[in-house]
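Let's take a walk through a protein together.

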Amino acid sequence: MSEESPISYSQLRDLEDDFEDIDLQMLRQQDALTKDLYAKREALVSQIDNFWPLVFTQAPSEIDEYIQPTDSTVLVNSLKSLSVERFELPEGDPRSISIKFEFNENEFFEDKTIEKKFWWRNAKDGWAGLVSEPVNIKWKSADKDLTTGMLDLANKIFAEEKEGKAAPADETENKKKLIEIMEKEGLGGVSFFCFFGYTGRNISEEEHKAATIVEAQNRKLRKEGKEVKDDEEDEEEDGFDEFEYEIFPMASDVAVAIVEDLWPSAIRYFTDAQELEAMSDIDFEDDDEDEDMEDDDELDGQPSSKKQKA
């Protein structure tokens, strides 16, 4: 029989809490220190044609895998700028983020700006993460709706529940329609613009504040060496899947990838795109030279000594 460890779970949890506090302090400081630099960057890149479209052509796989060919056409031809803000600072949680897309005139939607906000929320059962509200997009016509009606239905379902017209577990007509489209389309091929329909867990601001107070009290008790009730309460099954009507389940992960990777590394991604474009031009010129040499060889009655490029 192994000896009982002298280190308790509470001690390890306290250490994790301390690391988290440092991470949050660093996020606040980083935001304050880089705000002017990002403003300077925006002033510079706004003078570069297709800066943000080229950035998206080199987007990391965590983002790129959700961009369908038609989405890519919209982003390449119409995206004007992208901006990120930790909108609850300086007093609030730096993990709450806003992602704003600005577009030029395009054939699909009327909106010039589409902004998606994510709030960091604590739940009474101990869960913590990003939640959001669906954002409406004004499609120019039904056949131009890249989400095939799913975003519109996500907005209607959210409004029904917020106004108290339906409980989350109620199977309304809008929910039936959404499930029907989701089953037909398959989540593997949904438009990137379904990203704007994400809601996540239904955690009110009141629940978040109460859970945050309880967690602070529990942390204080643990540091004092006192026993704390298990953070995760035993919840009864409520009979429905909270994410059943989620049209873009991975939206919070994509948001984090944009905020922590694509946004701060935009210049690098732009440079990579430029280098690839230059290499493509060289390959094109080489191919032209190969064809010219082959033509000359044929005129001389000699076969080309050049190998065909794969």
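Two residues are in contact when heavy atoms of theirs lie within 4.5 Å. With that in mind, take the contacts in the protein chain between residues at least 6 apart in sequence: 67% of them join residues at least 24 apart. What you see is a predicted model, and the protein chain has 310 residues, of which 37% count as buried.

How far can the model be trusted? The mean pLDDT, the predictor's confidence in each residue, is 87 for the protein chain, and 84% of the residues reach 70 or more. Over residues 231–237, however, the pLDDT is below 50, and this stretch has 12 contacts in the model beyond near neighbours in sequence. Residues 301–310 also have a pLDDT below 50, with 12 contacts beyond near neighbours in sequence.

Now for the overall layout. The protein chain contains nine helices and four strands. If you follow the sequence, the pattern is α-α-α-α-β-β-β-β-α-α-α-α-α.

Next, let's look at the aromatic rings. How many aromatic pairs does the structure hold? There are 23. In one of them, the ring centres of Tyr 66 and Phe 248 are 5.3 Å apart and the planes meet at 55°, so this pair is tilted. Tyr 66 is in the loop between α3 (61–64) and α4 (69–78), while Phe 248 is in the loop between α7 (205–223) and α8 (251–262), so the pair ties together parts that are 182 residues apart in sequence. Are these two residues buried or exposed? Tyr 66 counts as partly exposed because its relative accessibility is 21%, and the cut-off for buried is under 20%. Phe 248 has a relative accessible area of 3%, so this residue is buried.

A second pair joins Phe 109 and Trp 139. Their ring centres are 5.9 Å apart and their planes stand at 80°, so the pair is edge-to-face. Phe 109 belongs to the loop between β2 (97–103) and β3 (113–122), and Trp 139 to the loop between β4 (128–132) and α5 (150–162), so parts 30 residues apart in sequence are tied together by this pair. Both Phe 109 and Trp 139 are buried.

Phe 193 counts as buried because its relative accessibility is 1%. The C-alpha atoms of Phe 193 and Gln 68 are separated by 9.6 Å, although these residues are 125 residues apart along the chain.

Lys 116 lies over the face of Phe 118, 5.7 Å from the ring centre. The charged end of Lys 144 sits over the ring of Phe 108, at 5.5 Å from its centre.

Finally, turn to the second largest pocket, whose volume is about 810 Å³. It is lined by 31 residues, and Asn 122, Ala 128, Ala 211, Thr 212 and Glu 215 lie nearest its centre. Which helix or strand gives the most to this lining? The answer is α7, with 10 residues. At least two residues each come from α1 (9–45), β3 and α7.

How values were computed:
Residues are numbered from 1 along each chain as its sequence is written. This is a predicted model: local features need pLDDT of at least 70, side-chain atom pairs count only at pLDDT 80 or more; totals for chains, interfaces and linings use all residues. Side-chain values use heavy atoms; hydrogens and water are left out. Rings of Phe, Tyr and Trp (its six-membered ring) pair if their centres lie within 6.5 Å; planes under 30 degrees apart count as stacked, over 60 as edge-to-face and the rest as tilted. Buried means under 20% relative accessible area, exposed over 50%, partly exposed in between (1.4 Å probe, protein chains only). A charge sits over a ring if NZ of Lys or CZ of Arg is within 6 Å of the ring centre and within 35 degrees of the ring normal. pLDDT is the predictor's confidence in each residue, from 0 to 100. On a 1 Å grid over the protein atoms alone, a cavity is a set of points where a 1.4 Å probe fits but cannot get out, and a pocket is an open set with protein on both sides within 12 Å along at least five of seven lines; lining residues have an atom within 4 Å of a point. Grid points are joined across faces, edges and corners, and a volume is the space filled by probe spheres set on the points.
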